[in-house]
Every structure is written in C-alpha cells, then in structure tokens.
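Here are my comments on the model you sent. They are set out as numbered points, to be read with the structure open.

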Amino acid sequence: MDYKIVGGNLPAVVISLGAGETIQCEAGAMSWMDSGIQMQTKTGGIGKMFGRMVSGESLALNHYTAQQAGEIAFASSFPGSIVAVQLNGNSIMCQKGAFLAMFGDVEMSIGFQKKIGGGFFGGEGFIMQKFTGTGTVFLEVDGSAVDYELAPGEVKIIDTGYVVMMDSTVTLDVQMVKGVANVLLGGEGLFNTTLTGPGHITLQTMPVSKTASVLYQYMPHKN
C-alpha cells in the first residue's frame, strides 16, 4: 500500500493497492476507484455494529480488495486536512466522525473515558473511537491539524470539539470555567475539555460544529 494526499484545503487521500491488498472504510466513504478493485460489506457481528452506531459511524464497514493493482480514493467531507496515523501495536482514540479509512491489521472499537465527567460535559470526549493494531488509519481534520506531545502530567485545556485524536495514554476530563463573570460573559460555556499526558494529541482549527453555528447567524430566519 502507498498513498498520497491531494486537493489542498479540499483534500482526498489516493491509495495505491497491490494485488490482494484490502482497505476498510465506513459505508459511503469511497470517492473513486479503478475497476480492478472489488467491494464487500461486512458487519462484524451485532456487537461491533452496535459499537459503530454509538460511536457515530455507519453500521457496516466496506472492504475494498484489489484483484489487480489499482487506486482508490477517499475525499474529506468538509474543508480541512487528512492525516495518516501509523500504528505499531499501540492504540489511539479519535472523536466521532474523524475516521476515513484504515489499512492493515487494525481493530476499531468503542473507547470509553474513565472519568464520568467527560461523558456528560466533554461532548465528543466520553464515547470515542478506538483504533488498535498495526497499520495506517486515515482521519479527517476540520481545518488544519495541530500536534502536541504532552509530557507526563502536562495538561492542555481545550474547547470541546477541537480534539481530533489522542494516544490512549492521554486522559480526557472536563474542567469548570472559574468565576461567575467568566461563565456569563466569556462566551466559552461552563466547561472546557482537559487532556493530560503523557502522549500525542492532534487538534483541529475549524470544527464543523463551530463553523455551522457561525453560519447560522447569517441565515434568514422566519419570525
């Protein structure tokens, strides 16, 4: 398998598969492909179907296998970036909707955060997608990707929605905004997401939820 990311701010990842190689994606993610590649839809059983449903993905995964060498492409659903994450037996946690495709011996499951606060107030934090194994995972990023390497005990405070991916060694929780004036007038809401190292994190600069709320202000509304 080889790949290239094209398209600038409207990206697609074009993947070259050798004969017999397979790449997986959620239903409807494929954008174009050569005729020598065949698709097979697999559910993986009731348990995995339920896991994908609660983590915000389609109930089944499409497996694309090259009968002969050829290309297959997956385009981002929103202006931004596509990042390729290499797994070498480790695990990563991703926000719902970030998954685009994966190659190799990679297992996708639900990732639960240990602290219940993240479930109620962390938005994308509590139920995330977990990828474990050896291979490559392609993720969609809204806007540009910003990467940090957190030292043990190092904390980043992040507005909910800006987290794309983190190592499974990173702990997600929430922190209440201090001060009545800050809560009422600061425009940031009651809570922020906190990520505590050690581990790698990837943030995004233009969450689609934030963009939608800005555009909504300029749309005509009926009285």
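1. What share of the 223 residues in the protein is buried? The model is a predicted one, and in it buried residues make up 42% of the total.

2. On secondary structure, the protein has four helices and 16 strands. Among contacts with a separation of 6 or more, 78% are between residues 24 or more positions apart.

3. The accessible surface of the protein is about 11,500 Å². Carbon and sulfur atoms account for 57% of that surface.

4. Ile5 belongs to strand β1, which spans residues 2-6. Is Ile5 buried, partly exposed or exposed? Ile5 has a relative accessibility of 38%, so it is classed as partly exposed: the class lies between the buried limit of under 20% and the exposed limit of over 50%.

5. Gln40 sits in strand β5, residues 37-42. Its relative accessible area is 47%, and therefore Gln40 is also partly exposed, since exposed would require over 50%.

6. Which residues does Gln40 contact, once neighbours within four places in sequence are left aside? They are Leu61, Asn62 and His63. For Asn62, the C-alpha to C-alpha distance to Gln40 is 5.8 Å, while the two residues are 22 apart in sequence.

How values were computed. Residues are numbered from 1 along each chain as its sequence is written. This is a predicted model: local features need pLDDT of at least 70, side-chain atom pairs count only at pLDDT 80 or more; totals for chains, interfaces and linings use all residues. Side-chain values use heavy atoms; hydrogens and water are left out. Helices (H or I, at least four residues) and strands (E, at least two) are DSSP runs, numbered from the N terminus. Buried means under 20% relative accessible area, exposed over 50%, partly exposed in between (1.4 Å probe, protein chains only). Contact means heavy atoms within 4.5 Å. Accessible areas come from the Shrake-Rupley method with a 1.4 Å probe; for residues, only the protein chains shown count as cover.
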